[in-house]
Amino acid sequence: MIEVARQDYPDRDTLMRNLAQLVADQLRAAHATKQRPENEGRRRVTLAVPGGTTPGPFLAALSNFELAWEHVDVIATDERMVPEYSDRANSKLIRENLLRNAAIDARFIHYHAAGAFLEPVLAAMRERVSERLPIDVLVLGMGADMHTASLFPDAPGLAEALADDAPTLVRVEPAGQPEARLTLSAPALRGAEVIHVLITGEDKLAALDAALADGPVAEAPVRVALTAPCPVTVHYAA
């Protein structure tokens, strides 16, 4: 049985506001740590966030917090390979909900590029992400099928994404999904400094209970995050 911290909230609005406050505080702390004279490496802070419909209110709430956004790099946990401003693009959701208000000066590292599946282009995108690792604060969603990011159970490309030596970004083609995707790999996700898993609804709570049971990661890819060596908290509201 996997053990993780879990925070339950009385409603979704409270969840989104409180998680936004917590993430803002953690971003401030990460930025302050990296500005110390003894830390001569990467000075910028990396925030990784999910797409989909559930995290929209969280991202919107986070956009209002004052912090050194000009020193924050924002990356998506995954992206559908659709036009950049398609309604199905995670980048569109992130731009419209997070990259505004106080957060307008954050730097967004998106995955859209002509020929993104051509190896030279994909290699350049992987390098761009690698330069921003480890992720300082990682927020993930989870589907009722126990997928997270675009790590879908038994999807073509999943084994490569779960491998210990996987590149930072991996192409996957989930069955039943209308397009291929790029996703952060298991090593990139598990290397985060802190992880938050955001879930809502009784169906996802049931999926969480199943994912916390012992079993192969390929059957419940969210176990990649739930078993990470960093602090992991599940945030839930019905």
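Author: Helices (H or I, at least four residues) and strands (E, at least two) are DSSP runs, numbered from the N terminus. The model is predicted, so local features need pLDDT of at least 70 and side-chain atom pairs count only at pLDDT 80 or more, while totals for chains, interfaces and linings use all residues. Residues are numbered from 1 along each chain as its sequence is written, and side-chain values use heavy atoms, with hydrogens and water left out.

Reader: Why is E179 called buried?

Author: Buried means under 20% relative accessible area, exposed over 50%, and partly exposed in between (1.4 Å probe, protein chains only). E179 has a relative accessible area of 14% and is therefore buried.

Reader: What makes the pair E179 and R88 a polar contact?

Author: A polar contact is a pair of N or O atoms within 3.5 Å; within protein, one must be able to donate a hydrogen and the other to accept it, and residues adjacent in sequence count only if both atoms are side-chain atoms. The side chains of E179 and R88 are joined at 2.5 Å.

Reader: How do you know that β7 and β8 pair?

Author: Two strands pair if DSSP finds at least two bridges between them. β7 and β8 have four bridges, in the antiparallel sense; V172 has R181 in β8 as its bridge partner.

Reader: What is the order of the open sheet, and why are β4 and β7 said to stand at the edges?

Author: The three strands run in the order β4-β8-β7, with antiparallel pairing. β4 (78-80) and β7 each have a single partner strand, so one side of each is left without a neighbour in the sheet.

Reader: What makes K92 and D87 a salt bridge?

Author: A salt bridge is a side-chain nitrogen of Lys or Arg within 4 Å of a carboxyl oxygen of Asp or Glu. The closest N and O atoms of K92 and D87 are 3.1 Å apart, and the pair forms a salt bridge. K92 is buried because its relative accessibility is 17%, whereas D87, at 70%, is exposed.

Reader: How do R132 and E131 stand against these cut-offs?

Author: Their closest N and O atoms are 3.6 Å apart, and they form a salt bridge. R132, with 11%, is buried; E131, at 47%, is partly exposed. Both belong to a network of salt bridges that also links R44, D73 and R107.
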